[in-house]
Amino acid sequence: MWITKLEDAGKRRTRVFLDEESFCLLYPSEMRELGIRENQEMDEDRFAAMQKMLLQRAERKALSLLEYKDRTRKELQDRLLRLEYPEHVVEDAVAYVELYGYINDEEYVRRYMEYKADSKSRRQMMQELRQKGIKSSLLEHIWDEYEYNEMEILEGQLEKRIRQKGTVTEENFQKFYNYFARKGFSSHTILYLLKKYKQ
């Protein structure tokens, strides 16, 4: 394969094109260490050294991303791909942090549900977790063993909303309804509680 193009990518980084396709970003020190120049053949040894260098950097980046925020497997993959690491390097880096227990989608879901369950509907939590790349089968499995009482959750949320916005009246009944419907609570539960609290 050939290094067909080197392109300035800002922040003192260079985008390296192999056989006309963008492959990765390298820093000046990495370029010097590897002896990377445009219109040059990339031999196997140099390519292997670059792969090793990228993987070590991706592993460090993955660990630093997880230091300040829990992420799902997919969130971490997406973040590393946005930093233009090659896909196979991203997969290996994610597998590395997963092996040491730094990411665990099942534990992520459990913590998320514990933290959010008193303020969100089941539907809203499931939707947000799917957007984070959690498989439906895992969500259903964990949900089956999780205690969640939508009536109690919604009642707590309604009482909080009444403290903020005032009592439920004929005039604002629909606004209250729409607010909780957008949060994914069931129509039946919303109507029951709004009628109960209506002045």
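Which residues form one aromatic cluster? Tyr 179, Phe 180 and Phe 185 do. This report starts with rings and then moves to helices and cores.

The model is predicted, so local features need pLDDT of at least 70 and side-chain atom pairs count only at pLDDT 80 or more, while totals for chains, interfaces and linings use all residues. Residues are numbered from 1 along each chain as its sequence is written, and side-chain values use heavy atoms, with hydrogens and water left out.

## Rings

The structure holds six aromatic pairs. Rings of Phe, Tyr and Trp (its six-membered ring) pair if their centres lie within 6.5 Å; planes under 30 degrees apart are stacked, over 60 edge-to-face, and the rest tilted.

| Pair | Kind | Centre to centre | Angle between planes |
|---|---|---|---|
| Tyr 96 and Tyr 100 | edge-to-face | 5.3 Å | 65° |
| Tyr 108 and Tyr 112 | stacked | 6.4 Å | 20° |

How open are these tyrosines? Buried means under 20% relative accessible area, exposed means over 50%, and partly exposed lies in between (1.4 Å probe, protein chains only). Tyr 96 counts as partly exposed because its relative accessibility is 29%. Tyr 100 has a relative accessible area of 55%, so Tyr 100 is exposed. The other pair is placed otherwise. Tyr 108 is buried, at 9% relative accessibility. Tyr 112 is buried too, at 8%.

Charged side chains also meet rings. A charge sits over a ring if NZ of Lys or CZ of Arg is within 6 Å of the ring centre and within 35 degrees of the ring normal. Arg 161 lies over the face of Tyr 179, 3.6 Å from the ring centre. Tyr 179 also belongs to the aromatic cluster. Lys 5 lies over the face of Phe 17, at 5.0 Å from the ring centre.

Helices (H or I, at least four residues) and strands (E, at least two) are DSSP runs, numbered from the N terminus. Tyr 108 and Tyr 112 both lie in helix H5, residues 105-116. They are four residues apart, about one turn of the helix.

Contact means heavy atoms within 4.5 Å. Not counting residues up to four places away in sequence, Tyr 108 touches Asp 70, Arg 71, Thr 72, Glu 75, Leu 129 and Lys 132.

Glu 75 sits in helix H3, residues 73-82. Is Glu 75 buried or exposed? Glu 75 counts as buried because its relative accessibility is 19%. Beyond residues up to four places away, Glu 75 touches Asp 70, Tyr 108 and Lys 132.

Lys 132 makes polar contacts with both Glu 75 and Tyr 108. A polar contact is a pair of N or O atoms within 3.5 Å; within protein, one must be able to donate a hydrogen and the other to accept it, and residues adjacent in sequence count only if both atoms are side-chain atoms. The side chains of Glu 75 and Lys 132 meet at 3.1 Å. Those of Tyr 108 and Lys 132 meet at 3.3 Å.

## Two nonpolar cores

A nonpolar core is a set of buried Ala, Val, Leu, Ile, Met, Phe, Trp, Tyr and Cys residues joined through side-chain atoms within 4.5 Å. The largest core has 28 residues. Met 113, Leu 129, Leu 158, Val 168 and Leu 194 touch the most other members. The elements giving two or more residues to this core are H5, H6 (122-131), H7 (136-144), H8 (150-165), H9 (173-182) and H10 (187-197).

Leu 129 is in contact with Tyr 108, Val 109, Tyr 112, Met 113, Ile 134 and Leu 139, leaving aside neighbours within four places. Leu 129 is one of the buried residues of H6; the others are Gln 124, Met 125 and Met 126. H5 and H7 are among what covers them. Just after H6, Gly 133 takes a positive phi of about 90°.

Another core, of 27 residues, lies apart from the largest one. Its members include Cys 24, Phe 47, Leu 80 and Ala 93. Leu 80 is found in helix H3. With a relative accessible area of 0%, Leu 80 is buried.

## Annotated domains

UniProt, in an unreviewed entry, places "domain: RecX first three-helical" at residues 60-95. That span is 78% helix and 0% strand, with its end C-alpha atoms 13 Å apart. The UniProt feature "domain: RecX second three-helical", also from an unreviewed entry, is at residues 104-139. Here the span is 72% helix and 0% strand, and the end C-alpha atoms lie 13 Å apart. UniProt positions are in the numbering used here, feature names are shortened, and annotations may be inferred rather than shown by experiment.
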